[in-house]
Amino acid sequence: MKNQNCLPMIIQGGMGVGVSNWRLAKSVSQLGHLGVVSGTGINTILIRRLQDGDLHGEVRRAMNNFPDQIYTAEVLKRYFSPTGRKLNESYKLSSLPSCSPSISFLKLTVLASFVEVFLAKENHQGLVGINFLEKLQTSNLPGIYGAMLAEVDYILMGAGIPREIPSVIDHFSKNEAASIKPTLSGIIKNEEARITFSPKDIFPGINIFTLKKPKFIAIVSSSTLATHLAKKTIGTIDGFIVEASTAGGHNAPPRGAMNLNTKGEPIYGLKDNADIEAIKNLGLPFWLAGTFGSPEKLKEAKLAGAVGVQVGTAFAFCEESGISDDLKKATIDKWVFSNIQPLESIFTDPLASPTDFPFKIAPIDGTLSEEHLYLARPRKCDLGYLRQISTDQEGNFVYRCPSEPIEDFIRKGGNIEETRNRKCLCNALMSNIGLGQIQKNGYQELPLLTAGDDLIHIQQYIREGKNSYSASDVISYLTK
Ligand SMILES: Cc1cc2nc3c(=O)[nH]c(=O)nc-3n(C[C@H](O)[C@H](O)[C@H](O)COP(=O)(O)O)c2cc1C
């Protein structure tokens, strides 16, 4: 049995949606490091896998281990299709996340998170974590609870200030209700509002008194945030991942005003480099992330006092990851086997994400990185994970996303300027993993790939004579 207190040297970064799936996390975990599944959009992933027939039966096997079998039977009845979807058939949707979500949304999210962690942990003793984005406040509580039901070892959270999450974990470990304060933007008339999840109300049939308490790691980009969290958090923080702006996915915005370079990317300067000495002085374990995918960088991180590194881009394109095979092949062909100037072509887009955080894009033909394909997409918001929370004058919640139809966004108090170049990441990221929606009007949602600057190095994981690589190739390279 693996010593649960032994800290992992390599953390395979959580990558949404479904890029770091249970298969990838399990492989990394079995190799003695920390495999992390993504908890983002997990309810949609579950029901789409079921609607596509759950080909190898894994989802149903995990569901058989969920403590409420009456509920799993309902889910199967509603979503499972043994023969998959018909040609051009749209996926059925779950209800949308919100500050007071439907019971069906909450239950489905708990189940989905349970399934992903259960499968990642199945039949071995390695460590498994789950990653959430703090900004996705409307879906995080049931996701955390479901992961804890499956005995997750670590919860990792970035893209925000997860000050209340350790206390949520404490409450859930006693099977008690927990709540967080939503971050409101625009009109704020309901400052006392909380988003609550009460396990006993949602699953009255589940008789549990305690749950294993996972470690909590906050993903930060500065020592200021790390210090704030270390001092102001209610509950325990077990460590930090310090992520630089070269990492794949969302990046923290530069400090101060956002100035752009000639390509239109945010300019990061010296003051954006985290003060590692200050983080070290907090006395908690930490890992470095953002182009740390090589043995030299791993050594550098350890010399700086880190336990190790968190790596994402290298794992995102390995055989086990959730990215669809055609996109992996196109990426490897472009960055390994063609003569492009790879670093030049990773674009840190200040606008693409509805979250306001810069988002790294790996341009690939046939994806929304091509402007004409982006412009051709009929705007629609049917997944809603990234909606901003605001209120009306009466204090009722209003949800809006700058990628939704412009007239809807403006009607809800949004500013037209904010809608320019915004991409529907919710739908695009589902397409990245082969679960893209075919809208009722026949429009096929297209992918939009993210990767960090480390994409330039992926050839180093590919063995002679091969054109793909596995998670174990990445680990062998990093630890050589
Ligand atoms: C495809 C992809 C998706 C990502 N999604 C998330 C995410 O959902 N949550 C998160 O905290 N970090 C996310 N990241 C960041 C990784 O977890 C990791 O911190 C980062 O990739 C490390 O830097 P690297 O890309 O240089 O290896 C993502 C990265 C990639 C490449």
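These questions and answers go through a predicted model of one chain.

Me: What percentage of the 480 residues in the chain is buried?
Reply: The C-alpha atoms fill a box of roughly 55 × 50 × 50 Å along the principal axes. A residue counts as buried when its relative accessible area is under 20%. Of the 480 residues, the buried share is 57%.

Me: Which strand pairs with E4 over five bridges, and in what sense?
Reply: Strand E4 covers residues 154-158. The five bridges are parallel, and the partner, residues 128-133, is strand E3.

Me: Which helix belongs to the β-α-β unit with E3 and E4, and what is the hand of the unit?
Reply: E3 and E4 pair in the parallel sense. The helix in the unit with these two strands spans residues 137-149. The unit is right-handed, and its helix is H6.

Me: Which strand is joined to E4 by four bridges?
Reply: The four bridges join strands that run parallel. In one of the pairings, Leu 156 stands opposite Ile 217. The strand covers residues 215-220 and is E7.

Me: Which strand is joined to E3 by four bridges?
Reply: These two strands run parallel. Gly 35 stands opposite Val 128 in E3. The strand that holds residues 35-38 is E2.

Me: Why is E4 described as largely enclosed, and how many of its residues are buried?
Reply: Tyr 154, Leu 156 and Gly 158 point one way from E4, while Ile 155 and Met 157 point the other way. Both sets are buried. E4 is therefore largely enclosed by the rest of the structure, with a buried count of five of the five residues.

Me: How many of the six residues of E3 are buried?
Reply: E3 is paired with E4 over five bridges and joined to E2 by four. E3 is largely enclosed by the rest of the structure, because the buried residues number five of the six.

Me: What is the volume of the largest cavity, and which residues are closest to its centre?
Reply: A search of the whole structure finds six cavities of 30 Å³ or more. The largest has a volume of about 70 Å³. It is lined by 13 residues, and the closest to its centre are Cys 381, Gly 384, Cys 401, Cys 424 and Cys 426.

Me: How many residues of the lining of the largest cavity are nonpolar?
Reply: The lining of the largest cavity includes three charged residues and two polar ones. The nonpolar residues number eight.

Me: Which residues are joined by a cis peptide bond, and what is omega?
Reply: Most peptide bonds are trans. The cis bond joins Gly 16 and Val 17, and Val 17 is found in the loop between strand E1 (10-12) and helix H1 (22-30). Its omega is about -15 degrees.

Me: Is Asp 54 buried or exposed?
Reply: Asp 54 has a positive phi, near 40 degrees. Its place is in the loop between helix H2 (42-51) and helix H3 (58-63). With a relative accessibility of 5%, Asp 54 counts as buried.

Me: Is Asn 88 buried or exposed?
Reply: The phi of Asn 88 is positive too, near 65 degrees. Asn 88 is in the loop between helix H4 (69-79) and helix H5 (103-121). Its relative accessibility is 56%, so Asn 88 counts as exposed.

Me: What distance separates the C-alpha atoms of Ala 314 and Ile 456?
Reply: Ala 314 is in helix H12, residues 313-316. Ala 314 is buried, with a relative accessible area of 2%. Ile 456 is 142 residues apart from Ala 314 along the chain, and their C-alpha atoms are separated by 9.8 Å.

Terms used: Residues are numbered from 1 along each chain as its sequence is written. This is a predicted model: local features need pLDDT of at least 70, side-chain atom pairs count only at pLDDT 80 or more; totals for chains, interfaces and linings use all residues. Side-chain values use heavy atoms; hydrogens and water are left out. On a 1 Å grid over the protein atoms alone, a cavity is a set of points where a 1.4 Å probe fits but cannot get out, and a pocket is an open set with protein on both sides within 12 Å along at least five of seven lines; lining residues have an atom within 4 Å of a point. Grid points are joined across faces, edges and corners, and a volume is the space filled by probe spheres set on the points. Ala, Val, Leu, Ile, Met, Phe, Trp, Tyr, Cys and Pro count as nonpolar, Asp, Glu, Lys and Arg as charged, and the others, Gly among them, as polar. Buried means under 20% relative accessible area, exposed over 50%, partly exposed in between (1.4 Å probe, protein chains only). Two strands pair if DSSP finds at least two bridges between them. A crossover is right-handed if, with the strands pointing away from the viewer, the path from the first strand over the helix to the second runs clockwise.
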